[in-house]
Structures are given as C-alpha cells and as structure tokens.
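Hello,

Here is the structure I promised to pass on. Please open it alongside these notes.

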Number of protein chains: 2
Amino acid sequence: MYSEGMSTSERLIESTRELLWERGYVGTSPKAILERAGAGQGSMYHHFKGKPDLALAAIRRTAEEMRAVAAGVLDGPGTPYERIEAYLRRERDVLRGCPIGRLTMDPDVIDSAELRAPVDETLDWIRERIAGIVEEGKEQGQFAPSLDGEEIAAAVVATVQGGYVLARASGSAAAFDAGVRGLLSLLAPRPA
Amino acid sequence: MYSEGMSTSERLIESTRELLWERGYVGTSPKAILERAGAGQGSMYHHFKGKPDLALAAIRRTAEEMRAVAAGVLDGPGTPYERIEAYLRRERDVLRGCPIGRLTMDPDVIDSAELRAPVDETLDWIRERIAGIVEEGKEQGQFAPSLDGEEIAAAVVATVQGGYVLARASGSAAAFDAGVRGLLSLLAPRPA
C-alpha cells in the first residue's frame, strides 16, 4: 500500500490514521494496523509502546494537518465574512466525515486525557480563530455588534461537524451543503 | 440491572440501546450485550436473528423516542422562533452525545441499508418538521423571506449534532450551549 521508501514506523502511523478515520479507535485492532501497514508482529512494540501510543502519534499528525488546512482558508484573503464562507465551503470529502471530530464519539478516546487532548486543542484552535474573525467583522461593521464572536464560532464549527452527521445519515453530501448555505444566509452581512 | 418483570427480549433490546449509545455498533459485542442483559448464551439467537437484527430493534426504538421528544417541543406552543428555540434549548445529556447521530460515525451502520434507514429517517423527519416551522415564520413575517426553510433546518439540526462533538471534545456542555446561542442570535426575529 505504501511506497518502498517509507519506514515501518511511518507506515504504522499512516495506516493507523486511515483506520481511525474509517473505523474509530474502538474499531481498530492492532492486527488490522499491522496488516494494512504490511508490518510484522512485534514491529508496533518496537517503534511504539502499544496501540494508545501509536494512536496518539496518528491523531497528532491528523490534527496538525487539519489545523494547517483551516489556517490556509481562515488566514486567506477577503473580508471576515468571505473567510468564514471559505472555511465553510472548502472542499471536503464530506461522506468520510471529519477525522478529528469523529473521534469524539469514541469512548476510549474521550476517556483518555492524552488521546482527547489533540482533538480538543484542534477544535478549540479553529473556534478561537473564527471568533477573532467575527470580532474583526464587527469592528468593520460587517456583522451586528450584538453578535458574540465565540458563540458564532461555535455555531460555525458545529454546523460543519453536524453537517457530516447529516450527510453520512442520508448518504449524500447535499445535507452538509444545505446546512452550510443555511448558516451563511443567516450570517450574511446586512446592508447598512 | 433490569426489573424482574422485564422479559429477556426486552432486556436484550434495552441493553443493546445503552451499549450502542456508549460504544457504537462496532464497539458492542454480543457478549457485552448478554452480560448487561443478564441473559444466557443462545438467548440472543432465540429471540433475534443475531446482532444486526437485535441492533435494528434497538435503533428503531431509540429513533421513535427521539422523534416523539422532538415533536413534543416542535409542536408545542409559541411562535415559530420560540418553537425552534425550544428544540435547540431542550435539556439534553450533552456529554453522552446523540444516540442516533453517533451511529453515523459507525462504518458497519452506514454500510448497512437496513441499519442506516431509521437513522436517516429520524434526522430527515426532524429537518422536515423544522423546515415547515421556518416557512410558517416567513409567512408571519418573523423570518426574512430570503431564508430557505430546508437550509435553515439543516443548519439547526447540524448545530445540535455538531454541538455534541464540541462538547465531548472539550469535556463540557458549554461548547454545545455556545453554538446554540450563536445560532439563535443569528435567527432572532428582526424588528420590523
């Protein structure tokens, strides 16, 4: 599955990232990771302390990537509204769901302070970033002064995360897109 | 765990409902169901065709309950805005997540047309009900005529489902409440 040049520990991390996204932590066995990585028994314990340690490396890498992608649109050009719109509308593999958000439904991730930390920090970072942009928009008169940046940011991130739920339930990205359009129609700057 | 008067098949269904909520379908073994139900080996196959059949009975019952609770607030008294507000603000065990929405992150549920159907139908029913209320609100002049009922409904349901994700990530219901307040501040009827 992976290029010849990739080290065993890299293959283990990448396989774990994929399996966590597809099946969650509870649904991912060490055996399935080794099979997908094409790695022999014992190699997980050679490179990592075990499944939680490997999962932590995988989750941290996925979290870093997600943050970088979000920063790419949120720190891009445009008005505050346009940057929030770009975040909501950026192309996503909607039916796969969010590789970070889906972990919150995993009891073993939520029960582990260590595994939950990168999930929490990533979603929190995105919320804080959006809250700042809403405040910018208020200063510029684009958003009503009565809006609360942190509350709007929570609604924006929740619409994305809940949009995945609606899309996966219906087997179609249309429900995700509808939710995004609905939120944007409410957030649209009002004429002065 | 259950009252003496409850039949074995009832205990199996109730145990499965709890385990699906806590651990998902992938994370719920027949053994765990039997243990929680206090039922003997073989009783699952006596009453049900197997884990998928029992899970279907459990999911259908949870879906019916969720629909009845949603109808209770959405069909209640008040203006269209107040009924949507009541739906968003109704008391929830936020940190447990949604027993229906969480199943969308379960690959074995999504891959089964039969298990996915009650999940899809329930979320769809709530969206349609809210879309109708938004249209009522437009007719009454409470909401802007430019709003699309189905899009607003998708944003409302997504905010709830995504709110669970934020709450579970942060280990606190505050993030759920913030998202709800954010959406309500955007949806608030405008003075004429």
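Predicted model: local features only at pLDDT ≥ 70, side-chain atom pairs only at ≥ 80, totals over all residues.

**Helix 5 of chain A**

Start with helix 5 of chain A, residues 80–89. Its buried residues are A:Pro80, A:Tyr81, A:Arg83, A:Ile84, A:Tyr87 and A:Leu88. They span an arc of only 165 degrees around the axis, so they lie on the same side of helix 5 of chain A. The general rule behind such a pattern: an α-helix has 3.6 residues a turn, so residues three or four places apart point the same way.

What do these buried residues pack against? Four partners, each in chain A: helix 4 (51–74), helix 7 (113–139), helix 8 (149–170) and helix 9 (174–187).

**Helix 4 against helix 5**

The axes of helix 4 and helix 5 of chain A come within 8 Å. They cross at roughly 145 degrees. On the helix 4 side, the contact uses A:Ala70, A:Val73 and A:Leu74. Helix 5 of chain A contributes A:Arg83, A:Ala86 and A:Tyr87. By class, that contact has 5 nonpolar residues, 1 charged and no polar.

**The two chains**

Chain A superposes on chain B by a rotation of 180 degrees, with 0.0 Å of shift along the axis. The RMSD is 0.0 Å. This is the relation of a two-fold axis. In chain A, A:Gly162 has the C-alpha nearest that axis, at 1.9 Å.

How do the copies meet? Of the interface residues of chain A, 100% are also interface residues in chain B, so the copies meet through the same surface.

Best wishes

Definitions and conventions: Residues numbered from 1 in each chain as written. Chains lettered and ligands numbered in written order. Heavy atoms only, no water. Buried < 20%, exposed > 50% of the residue type's maximum accessible area, 1.4 Å probe, protein only. Helix = DSSP H or I, 4+ residues; strand = E, 2+ residues; numbered from the N terminus. Arc of directions from axis to C-beta. Contact = heavy atoms within 4.5 Å. Least-squares fit on C-alpha atoms with pLDDT ≥ 70 in both. Axes fitted to C-alpha atoms, helices over the stretch in contact; angles between N-to-C directions. Nonpolar A, V, L, I, M, F, W, Y, C, P; charged D, E, K, R; others polar.
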